[in-house]
Amino acid sequence: MLKFAIIDAAYRDGKLGAAGKMIKIWLDRKGVLASSDDADVLLVSTVSNKPTRIIFDGPIIVGGPGALSPEYWAQKYTACVLGDFQRWCDVAIRQGLDVAFDEPNVYISGQSGRVTIDNDFPWTLPLCTNGDGRYQVVLSRGCKKRCAFCPVGWAYEYHEHPSPSGLIQRVRQVVSSGEKWSYCTNDLSAVSFSRILPAPASASLSFDALRRTAKRGGALPRQIRIGVEGVSERVRKAVGKPLGTEELVSATRWLMSQGKNVRWFMLAGLPGESTRDWLEFRDTLRECIRGASKGLLQSSFTTFTPRTGTPLVMSPLDDVYWDHYKQFEDWFFAKGWSNRLSVLRPAIPKTRLERVKFIYGANPEKLNGAPPPNERVVGAHDRHRQRALDVYNNTMGTSVVLPMALQ
């Protein structure tokens, strides 16, 4: 019988994150767990953006969120397993590696067939701690929203934990023991049983959830994370988050008046952004902190990078976003600064280009209009990509196109 070892690419000292620990438990229960010295196959869990140099005399199989951009990993190692691991490992144990490599969720560099993403998450495994010592409580997989820039909603079908009562019992045990924990979900408010969960110290919430919670007088975490994304109302509408500026301001002001720390997740560099959009963002910030005596608003910028599997995968890579941001930053430090407001800058163009090379699995400058290699991966909602792209182009006045379908 094949023996498997598991390592986490994020650690050099043999430690495992929560995902790696879950795999280790599963392998141990199957009786196929071994050390790296004695194993036939090495499994690598990764959330990293860059391949790590790994030495092992045998097949090296990479999985985890980082493997959803598989080409760079697959060029260096044997294969990538996309999505969840247990079905592939079961096939490898029962029928051997040759059969397992033919599974539909296996990506091997140099092949041309389409590759799917496995959605069979091992819900029954125990809670495990991540690198920060917090228990990771997986509430759901995927996302109900399909924002134009984000691969999560496009790649996965949305699934929630099938046994909420048992999960809540385990969370309460963690709480009573004094341990820290965090919920793993794209939007806590979207989880159908979120109202009966123990309240976390911080959470990612939608504005719909904030409305409901405020209306019924429910308790809110002290730290609230919100995916605002677009710097203007126009941009937010284009990406699929049609949050009006007036509503954004009023909700943020109310949260800060309650002493909450609010963190907006923002994108810089979405196709078609203009100076006018960034000027609107300045006005939005001014209104949010006007007269504020409590709370903190943090605007955390990430540079937009076109992601395979999304409607915006073939977006042009111009660097005008950096000029927009630098003008905003100059304004912020000269006129917009407040002790109730902080801003985290996005990545510079050079860093973004390296990121895109990883996401595409190729240098975008050398593709000459061809689909990126990682477009071989088939998402759960590919059929809706063109419609979402049409909305984006019509709203932003852009002409982004989808790559030709790969056969």
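**Surface, folds and neighbours**

Modeller: Happy to! The accessible surface of the chain comes to about 19500 Å², and carbon and sulfur atoms hold 49% of that surface; such areas come from the Shrake-Rupley method with a 1.4 Å probe, and for residues only the protein chains shown count as cover. Please keep in mind that this is a predicted model, where local features need pLDDT of at least 70, side-chain atom pairs count only at pLDDT 80 or more, and totals for chains, interfaces and linings use all residues. Residues are numbered from 1 along each chain as its sequence is written, and side-chain values use heavy atoms, with hydrogens and water left out.

Colleague: What share of the 407 residues counts as buried?

Modeller: Buried means under 20% relative accessible area, exposed means over 50%, and partly exposed lies in between (1.4 Å probe, protein chains only). Of the 407 residues of the chain, the buried share is 51%.

Colleague: How many helices and strands does the chain have, and why is it called as compact as a globular protein of that length?

Modeller: Helices (H or I, at least four residues) and strands (E, at least two) are DSSP runs, numbered from the N terminus. The chain has 13 helices and 15 strands. For 407 residues the globule rule gives 22 Å, so the chain is as compact as a globular protein of that length, with a radius of gyration of 22 Å. That radius is taken over C-alpha atoms, and the rule is 2.2 Å times the number of residues to the power 0.38.

Colleague: Which strands are the edges of the open five-stranded sheet?

Modeller: The order in this sheet is β1-β2-β3-β4-β5, with mixed pairing; two strands pair if DSSP finds at least two bridges between them. An edge strand here pairs on one side only, and the edge strands are β1 and β5 (106-107).

Colleague: Which hand does the crossover from β1 to β2 have?

Modeller: β1 (residues 4-8) has four of its five residues buried, and five bridges join it in parallel to β2 (residues 41-45). The chain passes from β1 through helix α1 (residues 18-30) to β2. A crossover is right-handed if, with the strands pointing away from the viewer, the path from the first strand over the helix to the second runs clockwise. This β-α-β crossover is left-handed.

Colleague: Which residue is the bridge partner of Val-81 in β5?

Modeller: Strand β4 (residues 79-81) and β5 run antiparallel, joined by two bridges. The partner of Val-81 in β5 is Val-106.

Colleague: Is β14 largely enclosed or open, and why?

Modeller: β14 (residues 296-303) contains Ser-299. Parallel pairing links β14 to β13 (residues 261-268) over eight bridges, and to β15 (residues 341-344) over four bridges. Six of the eight residues of β14 are buried, so this strand is largely enclosed.

Colleague: Which residue in β15 is the bridge partner of Ser-299?

Modeller: At 0% relative accessibility, Ser-299 is buried. Not counting residues up to four places away in sequence, Ser-299 touches Trp-264, Met-266, Phe-281, Ser-342, Val-343 and Leu-344, where contact means heavy atoms within 4.5 Å. The bridge partner in β15 is Val-343.

Colleague: What kind of aromatic pair do Phe-332 and Phe-333 form?

Modeller: Rings of Phe, Tyr and Trp (its six-membered ring) pair if their centres lie within 6.5 Å; planes under 30 degrees apart count as stacked, over 60 as edge-to-face and the rest as tilted. The whole structure has 21 aromatic pairs. In this one the ring centres of Phe-332 and Phe-333 are 5.1 Å apart and the planes are at 70 degrees, so the pair is edge-to-face.

Colleague: Which of the two, Phe-332 or Phe-333, is buried and which is exposed?

Modeller: Both belong to one aromatic cluster, which also includes Trp-331. Phe-332 has 4% relative accessibility and counts as buried. At 58% relative accessibility, Phe-333 counts as exposed.

Colleague: How far apart in space are Arg-170 and Pro-126?

Modeller: Arg-170 sits in helix α6 (residues 164-176) and is partly exposed, at 21% relative accessible area. Leaving aside neighbours within four places in sequence, the contacts of Arg-170 include Trp-123, Pro-126 and His-161. Arg-170 and Pro-126 are 44 residues apart in sequence, and their C-alpha to C-alpha distance is 8.6 Å.
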